[in-house]
Amino acid sequence: MNVAYTIPNFAGAHAEEDLLMDERDFQILYDRTARPLWAYLIRVSGRKDVADDVMQETFCRFLARKPQAMDEQSTRKYLFRIASNLLNDRWRRKEDAEQPEIEEAGFSRDVDARLDVQRTMQQLKPRERQLLWLAYVEEMNHAEIAATTGLSTLSIRMLLFRARRKAAGLLRPAIMVKG
Amino acid sequence: MHCEREPETVHATRHGSCSADLLHHIEDCPACTEARHIAQALLPEAVFLQSTVDLPPAMQVWESAQSKAQTFALERTSRVLTILKAAGFVYAAIFVVWSIRTFPIVKHYSILPAVTGEAASTSLAAAVIGASCIVSGLWYMLRKDKHVKALSHSGLS
């Protein structure tokens, strides 16, 4: 056995030890966080393939980065941060230039309401969708959104205000009809 | 523009527990009214998406993360080996050029005025031994690289 083989084999063997948690811990974390994370990704990116890819990559990076012990809420925010960074990278490379598709509403209770939401989201910019989702679904405050998206708190305040006005304008007719 | 009670409004909308005071405030506050409308639209959508999504099993993601971690670790160490190889080649090349120039001179004169003929011979011998070790190591590594490449081309690795 020579050095050229020994070093990579040693590194490969210890890569498993580099992962921060065992399978059972990961299973619990995944069960608690994967669904909200995927919902965020699908609504912000508008594409299932992107949501699937980014989610998988998010967990891989999370495991590889060996963060310090965190409570569930912090872990969740950390995952959203990784996912948002990955989305930002894709937007920068213009990989997701296609318009999000309006998916079939399926057999939900309120098909019209779902379609309204999808149409509204489609008319918003990805950044606006992202901010609205983090603020109104994930209930993050401005500082948390800033940490997740990498923008300044001041920018978040302004961008979220504009996104809220725009979304409210797009949603309002549907809400008014529903009473 | 922005209301301090917006997060409270969103929280109450999510949990369906709006106090009379907050309801009264929402009626008078355009920011909170909009926030409530948007939350009312997005929250059921989030619930629906989360309940219908078909996620890959956790173990599949776990295994993928493990394999990626191994790949990163291999890349990291391969980089060190590449640097070592390059350094070896540079050393070998410099040694060859230097020895071609030095061997004829050392037969008759000292390399440096301070180094005697005997010391120069010892230094040269040490350099030759060093170069032989490095070149043989490089040759061995290159042979192994060739072998690994042949295996990967045949799909056996």
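This is a predicted model: local features need pLDDT of at least 70, side-chain atom pairs count only at pLDDT 80 or more; totals for chains, interfaces and linings use all residues.
Good morning. I begin with helix 7 of chain A, residues 142-149, whose buried residues are A:His142, A:Ile145, A:Ala146, A:Thr148 and A:Thr149. They span an arc of only 165° around the axis, so they sit on the same side of helix 7 of chain A.

At its start, a side-chain oxygen of A:Asn141 comes to within 3.1 Å of the backbone nitrogen of A:Ala143. Just after helix 7 of chain A, A:Gly150 adopts a positive phi of about 85°.

I now move to the interface. How many residues does each chain bring to the contact? Chain A contributes 56 residues and chain B contributes 44 residues. In chain A, the residues that lose the most area to chain B are A:Arg35, A:Tyr136 and A:Arg164, and together they make up 14% of what that side buries. Between them, the two chains bury about 4800 Å², and 68% of this is on carbon and sulfur atoms.

The polar side of the interface comes next. The rule finds 14 residue pairs in polar contact across the interface of chain A and chain B, both residues being at pLDDT 80 or more. Six helices of chain A, namely helix 1 (3-18), helix 2 (23-45), helix 3 (48-64), helix 5 (111-123), helix 6 (126-136) and helix 8 (153-178), each supply at least two residues of the side that touches chain B. Which of the helices gives the most to that side? It is helix 2 of chain A, with 11 residues. Sorted by class, the side of chain A that touches chain B has 34 nonpolar, 7 polar and 15 charged residues.

Let me now consider the salt bridges. Over all chains the structure holds 18 salt bridges. One of them pairs B:Glu45, in helix 3 (residues 30-52) of chain B, with A:Arg114, in helix 5 of chain A, so this pair joins two chains. Their side chains meet at 2.8 Å, N to O. Are these two partners buried or exposed? B:Glu45 has 1% relative accessibility and therefore counts as buried; A:Arg114 is also buried, with a relative accessible area of 5%. Across the interface of chain A and chain B, the rule finds 7 salt bridges.

A further salt bridge between the chains is formed by B:Arg14 and A:Glu139, with the closest N and O atoms 2.9 Å apart. This pair runs from helix 1 (residues 6-15) of chain B, which holds B:Arg14, to the loop between helix 6 and helix 7 of chain A, which holds A:Glu139. B:Arg14 is partly exposed, with a relative accessible area of 38%, and A:Glu139 counts as partly exposed at 25% relative accessibility.

Within chain A, the side chains of A:Lys166 and A:Glu128 meet in a salt bridge at 3.1 Å, N to O. The pair links distant parts of the chain, with A:Lys166 in helix 8 and A:Glu128 in helix 6, 38 residues apart. A:Lys166 is partly exposed at 33% relative accessibility, whereas A:Glu128 is buried, with a relative accessible area of 12%.

Finally, A:Arg164, A:Arg165, B:Glu6 and B:Glu34 are linked in a network of salt bridges. Thank you for your attention.

Terms used:
Residues are numbered from 1 along each chain as its sequence is written. Chains are lettered from A and ligands numbered from 1 in the order in which they are written. Side-chain values use heavy atoms; hydrogens and water are left out. Contact means heavy atoms within 4.5 Å. Buried area is the accessible area (1.4 Å probe) that two parts lose on being put together, summed over both. A salt bridge is a side-chain nitrogen of Lys or Arg within 4 Å of a carboxyl oxygen of Asp or Glu. A polar contact is a pair of N or O atoms within 3.5 Å; within protein, one must be able to donate a hydrogen and the other to accept it, and residues adjacent in sequence count only if both atoms are side-chain atoms. Helices (H or I, at least four residues) and strands (E, at least two) are DSSP runs, numbered from the N terminus. Ala, Val, Leu, Ile, Met, Phe, Trp, Tyr, Cys and Pro count as nonpolar, Asp, Glu, Lys and Arg as charged, and the others, Gly among them, as polar. Buried means under 20% relative accessible area, exposed over 50%, partly exposed in between (1.4 Å probe, protein chains only). The arc is that of the directions from the helix axis to the C-beta atoms.
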